[in-house]
Amino acid sequence: MSAPPPIAMLAELTHRCPLACPYCSNPTDLLGRENELDTETWSRVFGEAAALGVLQLHLSGGEPASRPDLVALMQAAHAAGLYTNLITSGIGLTPKRLDALEAAGMDHIQLSLQGTHADLADWIAGYAGGYDRKMRVAAEIRDRGIPLTLNAVMHRHNLDDLPRTIELAVELGARRLEVACVQFHGWAAKNRDQLLPSREQTETAKRIVAEAEARLRGVLAFDFVPPDYYADYPKACMGGWGTAGLNVTPDGTVLPCHAAQTIPHLEFDRVGDRPLAEIWYDGAAFNAYRGTDWLPQPCQGCDRKEIDFGGCRCQALALAGDAGATDPVCGKSPQHHLVANLLARASQPARSDMLWRGR
């Protein structure tokens with residue numbers, strides 16, 4: 001398959017983070033500071049990304065503010081002509097640092113939200129005082145007029161607070177709210193039983209978001225990511241494997257999606273070994289599940305194969321033990337009973353014995 005150029009790149013600058021969220025999508029085997037790419041290498045990669053066709057650069061982590069060279073990296077990304085989005089918890093951002101980031105060409109901030117009040121948010125983040133610090137940073141972002149997206153990761157412990165989450169997004173001047181129900185990779189997979197919302201919570205959330213979209217049109221845009229497991233059909237992971245975006249990890253490993261390294265038979269290239277364009281077009285990992293020729297049955301004969309491409313490869317591996325299988329979320333999958341069993345457990349009372357990232 002001849003792939004189009006990517007439009008977005010996620011640059012995972014570091015795995016370091018002051019928070020310990022139990023749904024963190026970073027790998028459970030975190031990379032240390034000594035493994036991180038240096039400023040010069042990241043700057044080169046940003047230039048290669050722009051030449052490849054990337055338009056949007058998401059600077060992420062971990063917590064990207066943990067990098068002392070964040071301003072220099074922002075300058076390099078801006079100089080390459082990329083639209084820059086800083087994905088942050090807000091911890092580590094000060095008025096002085098925001099001054100420098102704005103001067104460096106930062107276009108947008110995506111701020112995470114763990115809960116709508118300190119007790120819940122700080123418990124989820126595993127960081128005392130984090131909520132109050134986040135609200136101060138959010139107010140600073142609002143007062144400066146920096147375009148803001150609020151990313152509210154939702155699960156069974158905070159989904160009932162969705163109405164207040166929407167109110168808070170409006171109060172903070174956010175232009176967009178991501179109601180992002182937990183996707184079960186990384187640390188979230190370890191805590192699935194404690195995080196998976198009930199069907200009733202999920203249906204209520206869909207109704208609340210639909211009503212808010214209509215009420216707040218022109219004020220607040222919504223991105224709603226419902227829990228995969230309650231869908232009739234799976235999502236097209238990343239819009240189709242190796243078709244729209246790529247991830248670069250702190251050590252320079254280039255991935256087709258955030259969790260791709262969980263697939264043991266794939267070989268991943270690093271930016272220190274091959275140019276980014278060569279990795280995108282010719283890398284074995286990027287071509288492994290591109291297009292539809294590789295699809296198994298029943299996907300191969302399905303009229304949705306150009307819509308969802310068989311679903312998520314990492315989810316197929318995590319649930320069915322085979323990255324090449326039909327995503328078990330799909331009602332047509334021979335392994336769909338695996339998801340049904342998980343959903344049955346979601347009807348049980350919520351538990352709080354989670355494993356926090358980094359603890």
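**View 1. A121 is a buried residue of helix 4.** A121 has a relative accessible area of 2%, so it counts as buried (under 20%; exposed is over 50%, partly exposed in between; 1.4 Å probe, protein chains only). A121 sits in helix 4, residues 118-125. Helices (H or I, at least four residues) and strands (E, at least two) are DSSP runs, numbered from the N terminus. Leaving out residues up to four places away in sequence, A121 touches Q114, G115 and Y131; contact means heavy atoms within 4.5 Å. Y131 is 10 residues from A121 along the chain, and their C-alpha atoms are separated by 6.0 Å.

The model is predicted: local features need pLDDT of at least 70, side-chain atom pairs count only at pLDDT 80 or more, and totals for chains, interfaces and linings use all residues. Residues are numbered from 1 along each chain as its sequence is written, and side-chain values use heavy atoms, with hydrogens and water left out.

**View 2. Q201 lies in helix 9.** This helix covers residues 199-215. Q201 is buried, at 11% relative accessibility. Its side chain reaches the backbone nitrogen of S198 at 3.0 Å. Not counting residues up to four places away in sequence, Q201 touches R156, L159 and D160.

**View 3. Two peptide bonds are shown here.** The bond from G61 to G62 is cis, with omega near 10°. G62 belongs to the loop between strand 2 (56-60) and helix 2 (70-79). The bond from Q297 to P298 is cis, also with omega near 10°. P298 is in the loop between helix 11 (284-288) and helix 12 (305-308). Most peptide bonds are trans.

**View 4. M238 has a positive phi.** The value is near 55°, in a residue other than glycine. Most residues other than glycine have a negative phi. M238 lies in the loop between strand 7 (221-225) and strand 8 (245-248). With a relative accessible area of 34%, M238 is partly exposed.

**View 5. F309 has a positive phi.** Phi of F309 is near 50°, and the residue is not glycine. F309 is found in the loop between helix 12 and helix 13 (313-320). F309 counts as buried, at 17% relative accessibility.

Conventions:
A polar contact is a pair of N or O atoms within 3.5 Å; within protein, one must be able to donate a hydrogen and the other to accept it, and residues adjacent in sequence count only if both atoms are side-chain atoms.
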